[in-house]
Amino acid sequence: MSAREMAIATAAGPSRLNRVVIYGLLLIFAAMYLLPLFVMLTTSFKSLDEIRGGDILALPADPTIQPWLRAWGSACIGVTCDGIKGYFWNSIKMVVPAVLISTALGALNGYVLTKWRFRGHKLVFGLMLFACFIPFQSVLIPMARVLGQLGLSNTTAGLVLVHVVYGIGFTTLFFRNYYEAFPTELIHSAQMDGAGFFTIFRRILLPSSAPIIVVCVIYQFTNIWNDFLFGVSFASGESAPMTVALNNLVASSTGVKEYNVDMAAAVIAALPTLIVYVVAGRYFMRGLMAGAVKG
Amino acid sequence: MAFIEIERLERSIGAHNILKGIDVSLDKGGFLVLLGPSGCGKSTLLNAIAGLQPPTAGDIRIDGDSVVGLHPSKRDIAMVFQSYALYPNMTVGQNIGFPLEMAGIPKAQREADIATVARTLQIGHLLDRRPAQLSGGQRQRVAMARALVRKPRLFLFDEPLSNLDAKLRVEVRAEIKRLHQQTGATIIYVTHDQIEAMTLATQIVVMKEGEIQQTGTPAEIYNRPANMFVADFMGSPPMNMLPGQVAEDGAHLIPEAAPDTPLPLPAPLAPGRKVVLGIRPENIGDDPTGAVPLRLDLPVEIVEPTGSDVFLWLRLGSALLTARLPGNAQPPVGAPYPVAFDMTRAVVFDADSRQRIA
């Protein structure tokens with residue numbers, strides 16, 4: 001066997017072995033990530049008896065949607081037994097305005113910080129960036145005081161305010177970096193054509209901003225929907241968001257532990273972010289790429 | 001009183017002076033070209049006129065009224081940008097109609113105006129397309145249509161041809177010239193291309209490092225450059241420059257490169273003065289009539305045929321001179337070639353001040 005033939009033979013061998021190892025590892029990690037979801041879903045369709053007696057990894061022998069109905073409509077959270085539906089709507093009422101307002105303000109900030117620069121614009125942007133790195137815990141008490149003085153304690157409106165304030169740093173960062181790459185000549189041209197500040201924003205900038213709006217909405221939606229700390233700190237009882245309610249449901253220590261209902265409630269809680277990501281995910285990647293290449 | 005008057009205009013950023021006191025005036029219907037190398041401040045001057053970058057001192061008057069401090073949209077000026085600046089989310093028709101829409105003109109009137117201007121620029125079939133679907137030349141036309149449709153009192157062009165390929169550039173250049181002749185519009189045009197300046201302008205302002213070097217008609221700028229910078233910047237290939245000293249008789253130049261070949265000066269000068277003689281390639285060459293008194297046999301180093309012309313690089317002592325011959329000439333490389341020097345067309349600069357003295 002010549003040296004050349006040997007080189008060819010050994011090249012084919014390790015490359016196939018490499019593939020097996022790579023895909024094997026990927027499969028193992030994928031299974032590790034999917035296993036909890038699998039357990040959650042199967043458990044949520046099992047009856048309590050089956051859960052107690054059976055194998056945790058087994059498929060439901062007698063599938064039932066009873067746990068889902070209970071989680072949604074009649075599970076006991078605290079002293080009331082109306083399920084999580086009220087809290088689900090609380091979360092919707094919190095997340096929709098908070099996402100819309102923080103995205104809109106971020107877009108406006110990005111527009112001003114790139115196209116209407118003023119003395120000290122770098123400092124302002126720097127401070128906004130800094131806001132992204134403030135740990136949530138350190139603002140809890142001052143924020144509680146502010147909400148108290150505004151009369152927004154324990155309300156959804158108060159939570160919206162907190163999330164908007166906390167989100168502006170991130171949304172501004174997104175939009176500023178995106179608009180930085182937007183040609184300033186277009187703004188100048190529109191100015192000469194007679195368009196004002198908001199007309200330029202609405203007619204020229206926003207129609208070209210779809211990718212970054214999607215990035216912003218997904219990011220904000222996921223963060224705000226999944227937030228627990230602000231929810232548990234600033235809204236308790238009737239106005240608590242989904243995450244807090246889920247915690248109360250799962251952590252309640254009275255009566256029999258209904259694992260199937262807990263699991264169903266957890267899946268319901270995770271569903272909206274999943275839907276947002278599936279619907280808008282491809283724009284998300286595109287938006288991230290656009291920012292990366294253009295910027 | 002001129003239609004456009006710019007007086008002692010200055011702009012500085014920090015300690016850096018970008019415009020150092022610019023004075024320009026232009027009559028209604030004139031075509032003014034701001035010409036200079038990049039970084040000379042010509043675009044800054046244009047942006048100051050447009051209102052996009054405010055000047056730090058000085059005044060800009062249009063039709064007698066100062067526009068300094070006026071918002072760009074209130075100046076009744078339209079501008080064509082280098083990148084065309086077409087709105088990517090709007091169709092061609094919406095792009096052209098945008099300034100009219102902003103001016104609050106009703107839709108029916110808008111449609112009619114768009115159709116008229118689209119016909120003038122032959123882009124009627126493109127009105128429903130988006131800018132991304134157009135070629136460079138088509139985008140250029142749309143940008144001009146958007147400027148034209150408002151019928152403003154002044155047009156600004158910021159290097160509008162620099163993104164086009166060579167062939168298209170010539171076409172659109174002619175188009176701009178035709179539009180100027182048809183509409184009688186007043187235009188201020190920025191470029192670094194001296195051919196564009198020569199072909200389009202009624203008046204050229206040559207700038208360098210924030211200062212005006214010379215203002216004049218294309219012929220004046222080309223034939224009587226005010227200083228060595230203008231002489232060198234205008235013309236391709238550039239003017240031949242021969243440094244030397246004025247001879248004892250005051251009528252000849254002793255070139256440094258070839259002290260034993262005195263050249264006659266176009267006008268008498270003080271003997272011993274250090275000067276630079278400038279002569280354009282087209283003033284060195286064949287002389288079929290025999291009317292030119294100065295003839296020299298100079299060795300040919302390089303021959304550059306361009307089709308319409310043949311440029312020769314000739315050795316004069318230690319200097320190389322460029323001469324222009326008709327396109328059918330076939331001079332042999334290496335051998336001496338007889339050329340006539342039309343010294344009446346030559347210019348002389350002071351070697352120290354670099355200003356033209358004859």
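α7(A) passes α10(A) in a right-handed crossing.

## Helix packing in chain A

Helix α7 spans residues 156-180 of chain A, and helix α10 spans residues 210-226 of chain A. Their axes come within 10 Å. The crossing angle is roughly 155 degrees. Angles over 145 degrees count as roughly antiparallel. α7(A) and α10(A) are therefore roughly antiparallel to each other.

Which residues of α7(A) meet α10(A)? They are His163(A), Gly167(A), Phe170(A), Thr171(A), Phe174(A), Phe175(A) and Tyr178(A). On the α10(A) side, the residues are Ile212(A), Val215(A), Cys216(A), Tyr219(A), Gln220(A) and Ile224(A). By class, this contact has nine nonpolar and four polar residues. No charged residue takes part in the contact of α7(A) with α10(A).

## Helix packing in chain B

Helix α3 covers residues 107-120 of chain B. The axes of α2(B) and α3(B) come within 10 Å and cross at roughly 125 degrees. That makes α2(B) oblique to α3(B). The crossing of α2(B) and α3(B) is right-handed.

From α2(B), the contact takes Gly93(B), Ile96(B), Gly97(B), Leu100(B) and Glu101(B). These meet Arg110(B), Asp113(B), Ile114(B), Val117(B) and Ala118(B) in α3(B). The class count for the contact of α2(B) with α3(B) is five nonpolar, two polar and three charged residues.

## The four-stranded sheet

Chain B has an open sheet of four strands in the order β2-β1-β4-β5. The pairing is antiparallel. β2 and β5 (65-66) of chain B are the edge strands, and each pairs on one side only.

Strand β1 (residues 4-13) of chain B runs antiparallel to strand β2 (residues 16-26) of chain B. How many bridges join β1 to β2 in chain B? Eight bridges do. Leu9(B) has Ile22(B) in β2(B) as its bridge partner. The hairpin of β1(B) and β2(B) has two residues between the strands. In this hairpin, Gly14(B) takes a positive phi near 65 degrees.

Ile62(B) stands opposite Asp65(B) in β5(B).

## The six-stranded sheet

Six strands of chain B form an open sheet in the order β6-β7-β8-β3-β9-β10. Its pairing is mixed. The edges are β6 and β10 (211-216) of chain B, each pairing on one side only. From one strand to the next, the twist averages 15 degrees.

Inside this sheet, strand β3 (residues 31-35) of chain B pairs with strand β9 (residues 203-208) of chain B. The sense is parallel, over four bridges. Leu34(B) has Val205(B) in β9(B) as its bridge partner.

A helix covers part of the β6 side. Helix α4 (residues 136-148) of chain B lies across β6 and β7 (154-158) of chain B. α4(B) runs at about 175 degrees to β6(B).

## Backbone exceptions

Two loops of chain B deserve a look. Glu159(B) is not a glycine, yet its phi is positive, at about 40 degrees. Glu159(B) is found in the loop between β7 and α5 (166-183) of chain B. The peptide bond from Ser236(B) to Pro237(B) is cis, with omega near -5 degrees. Pro237(B) is found in the loop between α8 (228-233) and β11 (240-246) of chain B.

## Where the chains meet

Chain B gives 17 residues to the contact with chain A, and chain A gives 13 residues. Two elements of chain B give two or more residues to this side: β6 (77-80) and α2 (92-102). By class, the side of chain B that touches chain A has 14 nonpolar and three polar residues. There are no charged residues on that side.

## Confidence in chain A

The average pLDDT of chain A is 87, and 91% of the residues score at least 70. Over residues 291-295 of chain A, the pLDDT is below 50. Beyond near neighbours in sequence, this stretch has seven contacts in the model. Where pLDDT is low, the predicted coordinates should not be read in detail.

How values were computed:
Residues numbered from 1 in each chain as written. Chains lettered and ligands numbered in written order. Predicted model: local features only at pLDDT ≥ 70, side-chain atom pairs only at ≥ 80, totals over all residues. Contact = placed C-beta atoms within 7 Å. Nonpolar A, V, L, I, M, F, W, Y, C, P; charged D, E, K, R; others polar. Pairing = 2+ DSSP bridges. pLDDT = per-residue confidence, 0-100. Axes fitted to C-alpha atoms, helices over the stretch in contact; angles between N-to-C directions. Parallel < 35°, antiparallel > 145°, perpendicular 65-115°, else oblique. Left-handed = near helix turned anticlockwise from the far one by under 90°.
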